[in-house]
Amino acid sequence: NRSSDLDGRAEAKKGEKQKKEDELLEEKFKEYVAHEMSAEQQLYYREITGACLGSADARKINEALQSLSLDPGLNQLLPRFTEFVSEGIKLNIVQKKMSSLVALVKMVKALLSNKNLNLEKYIHKLLPAILSVVVGKQLCARPDQENHWSLREVGAQVLAQICKSFGATTAAVQSRVTKLLSQVFSDDSSSLPQRYGAMVTLCELGTDVCKNILLPQLKHEGEIVRKAIETDKATGEKVQQLLVQHLGPIVVTLQSPPDVVDVYRRDYGFLGTALCEHVSTKLRASHAKAQQRIQLQKKAGIRNWQTPLGEQVKQIQEKQKPTPTQQQPKAQPQQQSRTITPQPSTNQKPLPPMPSAPKPAAGTGSTAAKPSAPLSTINLSDIT
């Protein structure tokens, strides 16, 4: 009885401690309600944050997000919005409120899409918050019922957008992100949803990142997926589908036909069977057509292999057309043969002068106009 009482007291103390931590986070979060701003800015701030987090009206939420993505005068409010988002994500991860997390991530996405804003100064606050959403251990109270997968996917898109937008100006932001995501794979205690978030983000970062980071981990991750399918089939198959869909286009360039299941299993482990089927049935034919098209384009002398077919045909036709300098010299002799300069003749009587024209001086004939310069001497560069 004494031991049970001690356990009960320990649990109660733990619950009280957790409650105090939640209250402190909530108070800190409320501290960032707008102050030291104009009345109009305070009103706008409250309207936007209230619509994104406190409204159930989809129209109001969409209007607020559209305002964040288009309004050019938000630079003064950026410190408030970024602080609101980062602290809000921390609080709602602790409280496992997934709907609020979705709204906060969408706010970041809207701010990133606003071309009038410069978020470079605030990346150090946004990155940890979005990473917490992508690779968080548990984002909702009921993971089996709530769609936390889509939340991780939206977070991955935001992370990839940050890396692409600020990779050139912010020091090694993509390498730091990929390094953090790689640690998820090396940690055996990472859950499958956490691994899914890291995988989705690497896939969003592009083919080269997948090839260099995700593909070498495929055997190890395949074993984890195999064990997950035995216990939770839906979760395991979701991760398997993601890996096969994004790594298949890379594998088809590395493996030469014919596609043999045993070879794929040897190279890629448990996922080799699904990869072999995906490559042989869906990707191999399209890859062969693409390679054939590239060869034809090279023969035609087209440098840009990604241009649409209509543009490629147009380029070929333009190359086959004769240039203006090749056409005009043929017509030039005919123009010169038609130009006749009258000369004085001793055998013929001169025609009487027109009544209105003055009589030409003796010993001179009527002068002909000088022919203009031939077209072949005019350069296209001279025409503006």
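In this predicted model, helix α5 contributes Met98, Leu101, Val102, Val105, Val108, Lys109, Leu112 and Ser113 to a contact with helix α7, where the partners are His148, Leu151, Val154, Gly155, Gln157, Val158, Gln161, Ile162 and Phe166. By residue class, this contact of α5 with α7 comprises eleven nonpolar, five polar and one charged residue. Helix α5 covers residues 98-113, and its axis comes within 10 Å of that of α7, with a crossing angle of roughly 25 degrees. Since angles under 35 degrees count as roughly parallel, α5 and α7 are therefore described as roughly parallel to each other. The crossing in which α5 passes α7 is left-handed.

Helix α7, which spans residues 148-166, also packs against α9, and the axes of these two helices come within 8 Å while crossing at roughly 35 degrees. Here α7 passes α9 in a right-handed crossing. From α7, the residues taking part are His148, Trp149, Arg152, Glu153, Ala156, Gln157, Leu159, Ala160 and Lys164, and they meet Pro193, Gln194, Tyr196, Gly197, Val200, Thr201 and Glu204 of α9. The contact of α7 with α9 divides into seven nonpolar, five polar and four charged residues.

The geometry of the two pairs is set out below.

| Helix pair | Axes come within | Crossing angle |
|---|---|---|
| α5 and α7 | 10 Å | roughly 25 degrees |
| α7 and α9 | 8 Å | roughly 35 degrees |

Within the second pair, Gln194 deserves a separate description. This residue belongs to α9, which runs over residues 192-204. Is Gln194 buried or exposed? Its relative accessible area is 14%, and because buried means under 20% relative accessible area, Gln194 is classed as buried. When neighbours within four places in sequence are left aside, the residues in contact with Gln194 are Val135, Gly136, Lys137, Arg152, Val184 and Ser189. Of these, Arg152 is also one of the α7 residues listed in the contact with α9.

For the chain as a whole, the model has 16 helices and zero strands. Of its 384 residues, 34% are buried, and the chain exposes about 24,800 Å², with carbon and sulfur atoms supplying 53% of that area. Among contacts between residues at least 6 apart in sequence, 68% join residues that are at least 24 apart.

Conventions. Residues are numbered from 1 along each chain as its sequence is written. This is a predicted model: local features need pLDDT of at least 70, side-chain atom pairs count only at pLDDT 80 or more; totals for chains, interfaces and linings use all residues. Side-chain values use heavy atoms; hydrogens and water are left out. Helices (H or I, at least four residues) and strands (E, at least two) are DSSP runs, numbered from the N terminus. Buried means under 20% relative accessible area, exposed over 50%, partly exposed in between (1.4 Å probe, protein chains only). Contact means heavy atoms within 4.5 Å. Axes are lines fitted to C-alpha atoms, for helices over the stretch in contact, and angles run from 0 to 180 degrees between N-to-C directions. A crossing is left-handed if the near helix is turned anticlockwise from the far one by less than a right angle, and right-handed if clockwise. Ala, Val, Leu, Ile, Met, Phe, Trp, Tyr, Cys and Pro count as nonpolar, Asp, Glu, Lys and Arg as charged, and the others, Gly among them, as polar. Accessible areas come from the Shrake-Rupley method with a 1.4 Å probe; for residues, only the protein chains shown count as cover. Angles under 35 degrees count as roughly parallel, over 145 as roughly antiparallel, 65 to 115 as roughly perpendicular and the rest as oblique.
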